[in-house]
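Visitor: Could you take me through this protein slowly, and tell me each time what a word rests on?

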Amino acid sequence: MPKGVYDRTMAKPRPRRTSESREKMRAITRAKWTDPGYRDRVHAALPRGERNPSWRGDAVGYAAVHTRHQRSLQGQPCASADETCSGPFACALRRDTPAEHLLGSTAEASRGLLFSLHAEDYQVLCTHHHRQYDWDQEKNAALHRGKTHA
Ligand SMILES: [Zn+2]
């Protein structure tokens, strides 16, 4: 027989997963995460800053502020409420936000990541109207660009 070729005996049967064994595994995972030391060890093992897979750079401020406004606007109806409303509601930065309120990167790559710390610069929009609003905004910007280059 050539070297490196072996007669395979029957493959070792995989341990059967029963609802009991599943429950056992779940219990082990649960126990691991309820140990406060485990969470800290996992956290300590993660790379910091830019090397962390969750690194969002400029998006951090944006996301934190967005969450805060979202919470304060919760329960309000869509700002352009009509019969075409659909999808979950979200807070949207108003187009007429004064420039001095705007924070965040103005770099082309992170457009749309501008935010404001003023709650009044935000409005609630449903998914449908939010899309429409952002689309109108882009169209307007394109029109303006067209004008300046004409
Ligand atoms: Zn709507």
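Guide: Let us begin with the contacts: of those in the protein with a separation of 6 or more, 68% are between residues 24 or more positions apart, where two residues are in contact if their C-beta atoms, placed from the backbone, lie within 7 Å. Please keep in mind that this is a predicted model, in which local features need pLDDT of at least 70 and side-chain atom pairs count only at pLDDT 80 or more, while totals for chains, interfaces and linings use all residues. Residues are numbered from 1 along each chain as its sequence is written.

Visitor: What makes up the secondary structure of the protein?

Guide: There are 4 helices and 2 strands, and from the N terminus on they run α-α-α-β-β-α. Both kinds of element are DSSP runs, numbered from the N terminus, with at least four residues (H or I) for a helix and at least two (E) for a strand.

Visitor: How do you know that the span of helix 1 agrees with its number of residues?

Guide: The expected span of a helix is 1.5 Å times one less than its number of residues. Helix 1 (residues 19-34) has 16 residues and should therefore span 22 Å, and its end C-alpha atoms are 22 Å apart, so the two agree.

Visitor: Why is Tyr-122 called buried?

Guide: A residue is buried if 20 or more other C-beta atoms lie within 10 Å of its own, exposed if 12 or fewer, and partly exposed in between, with C-beta atoms placed from the backbone. Tyr-122 has 24 other C-beta atoms within 10 Å, so it counts as buried. Tyr-122 lies in strand 2, and its contacts, leaving aside neighbours within four places in sequence, include Cys-91 and His-69.

Visitor: What makes helix 1 hardly covered, and what makes strand 1 mostly covered?

Guide: In helix 1 the count of buried residues is 0 among 16, whereas in strand 1 the buried residues are 4 of 5. Over the protein, 11% of the 150 residues count as buried.

Visitor: What makes a set of residues a nonpolar core?

Guide: Its members are buried Ala, Val, Leu, Ile, Met, Phe, Trp, Tyr and Cys residues, joined through C-beta atoms within 7 Å. The largest one here has 12 residues, among them Tyr-62, Phe-89 and Tyr-122, and helix 3 (59-73), strand 1 (89-93) and strand 2 (122-126) each give two or more residues to this core.
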